[in-house]
Amino acid sequence: MRIPTRLTEIGSQVYAWLPDFPGTWGMANCTLIGSGSTALLVDTPYTAHLAQLLKTAAHQVLLQPADISIVVNTHANGDHSYSNGEFPGAEIISTEANLRHLCAEPTPEQLETLLNQCQQEESFGRYLLAHFGRYDYRGLRVTPPTRTFTGRLEVPVGDLTVELIEVGPAHTVGDLIVHIPHSGVVCAGDVLFIGDVPVHWAGPLDGVIAAAQQILDLDPRVVIPGHGPLVGQSEVRAYVRYVAELRDRIHALHADGLDIDEASRVLLRERRPDLGLWERLAVLTATEYRHLNGSSETPQLLQVLSSAIQLAPECVPTTTLPRYAFPAQRVPRS
Ligand SMILES: [Zn+2]
């Protein structure tokens, strides 16, 4: 597990910030486009501390961190948007649907309070502390998009142009991907997970497959997933096949009359050994069942996750990190 101190150059004027944290939640990839005196950042890290580390790394390729004048949120989950406010003055762009969805997300304050109340003795509390206890959400304020769109939007960044393409509902209701044509790069957001079982809150899985297909239709050279290492088209195609297999299995279990818990237990038994966070299979089952049953309710993330943990008690770690596991790496604010 590693937080990067440098950005990885993946194309002309395109840099990725790639935390290496398989098997856990929250450490999302970010992408910086531009150089000199203007830049666009795709997604902001989970905490102010992580945002500061990213800004320090960005300083190596920008004249000033303040030159990040445009922020794009691929979706409204906190691990991609909580530190929007750490880029003061930046225009924040996302889809109209992502802005509407913000009210269904837990705020940083709520998450901080919840973690401080978690009991080690209780399985869901221990799970949350193990995966989220390392993050310090204090001081973060929800900073919503200042500019929204539907469909497609071209955004100039210096002498470059990037294209924002709405592909949701898929992972969430309003996902977008970012196409950087001059270097053949696509930022997939959480439409694409590499290394762990994917988690999708909105669905249906057909929406995720269609969104991943839109990435392939752009014929990218490099794809930056929301979490995990950089990949090419063959890995995206393998991901599409896996999600389609999961969709077909869940549909078959639903047709056989199994309820959500029974179907989840079957998928958990059939899990792939090479992917982490397999408790997410129970979340995917709940998401797909909601569509198969014609439910229009908005899923509450923590509630859905809590139900998944009850079905997969083996995935609850026996020990947890202390709260705020990264203070040693804290760097002064600019
Ligand atoms: Zn994410």
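Gln13 counts as partly exposed because its relative accessibility is 22%, where partly exposed covers the range between buried (under 20% relative accessible area) and exposed (over 50%), with a 1.4 Å probe and protein chains only. The place of Gln13 is the loop between strand S1 (8–11) and strand S2 (14–17); strands here are DSSP runs of E with at least two residues, helices are runs of H or I with at least four, and both are numbered from the N terminus. Gln13 is not a glycine, yet its phi is positive, at about 65°. Most residues other than glycine have a negative phi. Everything described here comes from a predicted model, in which local features need pLDDT of at least 70, side-chain atom pairs count only at pLDDT 80 or more, and totals for chains, interfaces and linings use all residues. Residues are numbered from 1 along each chain as its sequence is written, and side-chain values use heavy atoms, with hydrogens and water left out.

A second residue with this kind of backbone is Leu277, whose phi is positive and near 55° although Leu277 is not a glycine. Is Leu277 buried or exposed? It counts as buried, because its relative accessibility is 7%. Leu277 sits in the loop between H7 and H8, so the helices on either side of that loop come next.

The axes of helix H7 (residues 260–269) and helix H8 (residues 280–292) come within 9 Å and cross at roughly 140°. An axis is a line fitted to C-alpha atoms, for helices over the stretch in contact, and the angle between N-to-C directions runs from 0 to 180 degrees. H7 and H8 are therefore oblique to each other: under 35 degrees would be roughly parallel, over 145 roughly antiparallel, 65 to 115 roughly perpendicular, and the rest is oblique. On the H7 side, the contact (heavy atoms within 4.5 Å) is made by Ile260, Ala263, Ser264, Leu267 and Leu268, and on the H8 side by Leu281, Ala282, Thr285, Ala286 and Tyr289.

Helices H5 and H6 give another pair. The axes of H5 and helix H6 (residues 233–255) come within 10 Å and cross at roughly 165°, so H5 and H6 are roughly antiparallel to each other. Their crossing is left-handed. Among the H5 residues that meet H6 are Val208, Ile209, Ala212 and Leu216, and the H6 residues involved include Val236, Val240, Val243 and Ile250. Leu216 belongs to helix H5 (residues 205–217) and is buried, because its relative accessible area is 10%. Leaving out residues up to four places away in sequence, Leu216 touches Gln233, Val236 and Arg237. Which protein atoms are the donors of the zinc ion? They are Asp79 (OD), His80 (NE2), Asp190 (OD) and His227 (NE2), lying 2.1 to 2.3 Å from the zinc ion. Donors are N, O and S atoms within 2.8 Å of the metal (3.2 Å for Na, K and Ca), and since water is not among the atoms, sites may look incomplete. The angles subtended by the four donor atoms run from 89 to 155°, which makes the arrangement irregular. Four donors count as tetrahedral if all angles lie between 85 and 135 degrees; four count as square planar and six as octahedral if opposite donors are over 155 degrees apart and all others between 65 and 115; anything else is irregular. The site links distant parts of the chain: Asp79 is in the loop between strand S5 (68–72) and strand S6 (91–95), and His227 is in strand S12 (residues 222–227), 148 residues apart. Asp79 is buried at 10% relative accessibility, and His227 is buried at 11%.

Thr172 is buried too, at 1% relative accessibility. Thr172 is found in the loop between strand S9 (160–166) and strand S10 (176–180). Apart from neighbours within four places in sequence, Thr172 is in contact with His75, Asn77, Asn98, Trp201 and Ala202. The loop between S9 and S10 also holds Pro169, which is joined to Gly168 by a cis peptide bond with omega about 0°. Another cis peptide bond joins Gly203 and Pro204.

Key
A crossing is left-handed if the near helix is turned anticlockwise from the far one by less than a right angle, and right-handed if clockwise.
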